[in-house]
Amino acid sequence: MPRLVLASAAAAVPMGAQGYEEQVAARAEGALREVGPGWQVHRLVFRSMRSDLPGTGRLPMGWLSGAGRGTRAMAGRVVYPRGAVVHRTALELPPGPIDVVTLHDVVAWRFADESPAVRAAAAELRSAAAVVCVSEFTAREAHELLGVTHTRVVPNGVDPAFFTARPLDVGARAALGLPARFVLHAGGAASRKNLDALAAAWPEVHAAHPDVWLALSGPPHPRRDALFAGMPGVRLLGRLPDALMPGLVSAAAAVVVPSTYEGFGLPALEAMAAGVPLVAARAAALPEVVGDGGLLVDPTPQGIGAGLLRALDGAADIEALVAVGRERAREFTWERSARAHAAIWADAAGGAAAG
């Protein structure tokens, strides 16, 4: 009887990767019924030895991140069922008997201010039964930087709540300190998020539209604070509940994603689904996700500023872009993603049996 183990790491601040895990896990059994009978699905969530986060097991995460391949393989034999297809969505987890790995991006190898790369990760990716990449861009990066040649591209989905979201009402906006019109940036503040360019562009945008504020949502970060604290027409919202985000996105006059590097770019897709004008950098995976559904701009202060002014001025083509973006977003469903994952799991199990 084939067995699938979905293995993830507990996170104190859940972000897009954790949303991906939840969406795929929720649909795994149903998708596997379409590829063959008898699959058993188990969910394992590991946390570090002293963590108080919820989970199903503990592992010495820091030690494992620096361990060699042999030690990590031995740990995998201890914690996973024998012969199972193990799909791990965190590189610090040890490899499974039949190893399937999700690679959202290669930022650990590209950027010094990201979490350092797991020592054995590149070699384990090269020897995995399958490597799931969330975009063609990430697949190319995996090939060129890490030598991974057997990638399978499965784009993320978008939460259906963004299609039906009602904009936050006056009271909800007031509770967040937001005016009627605002530009939203949602996400992290690492260097690749390019908040420096957004900060440089914002004063000109705000001068042209003094009624419009810039709302920045994301976990507190000293880089964001240093760039925007005290800047006129800016509101730092901090980390907000996931349930609030569809309404917040839907209420925005525009969403800006200025990143120079994204493995996918879920905030851009969410803006498109909500029918909100999108200004996104012409960089990394963003053009692949956005297509013709948003304004793609150079990731410079001039490019970002011009894009925001065009979106806020209500240029004639913005309404058409929004309509295209909304239809394009409908192509990115978690059901489609789960079916593609199920095909990969079945292929991995079949390949192991044939071997």
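This is a predicted model: local features need pLDDT of at least 70, side-chain atom pairs count only at pLDDT 80 or more; totals for chains, interfaces and linings use all residues.

Analyst: Residues are numbered from 1 along each chain as its sequence is written, and side-chain values use heavy atoms, with hydrogens and water left out.

User: In what order do the six strands of the open sheet come?
Analyst: Strands (E, at least two residues) and helices (H or I, at least four) are DSSP runs, numbered from the N terminus. Two strands pair if DSSP finds at least two bridges between them. Here the order is S10-S9-S8-S11-S12-S13, with parallel pairing. S10 (234-238) and S13 (295-297) are the edge strands, each with a single partner, so one side of each has no neighbour in the sheet.

User: How many bridges link S11 and S12?
Analyst: Three, joining residues 254-257 of S11 to 278-281 of S12. Val256 sits opposite Val279 in S12.

User: Which strands does helix H12 lie across?
Analyst: Axes are lines fitted to C-alpha atoms, for helices over the stretch in contact (heavy atoms within 4.5 Å). Angles run from 0 to 180 degrees between N-to-C directions. H12 (266-274) lies across S8 (181-186), S11 and S12, at about 160° to S11. Helix H14 (301-312) also packs on the sheet, touching S8, S9 (212-217), S11, S12 and S13.

User: At what angle do H9 and H14 pack?
Analyst: H9 (195-208) and H14 pack at about 35°, their axes 8 Å apart. Among the contact residues are Trp202 of H9 and Leu308 of H14.
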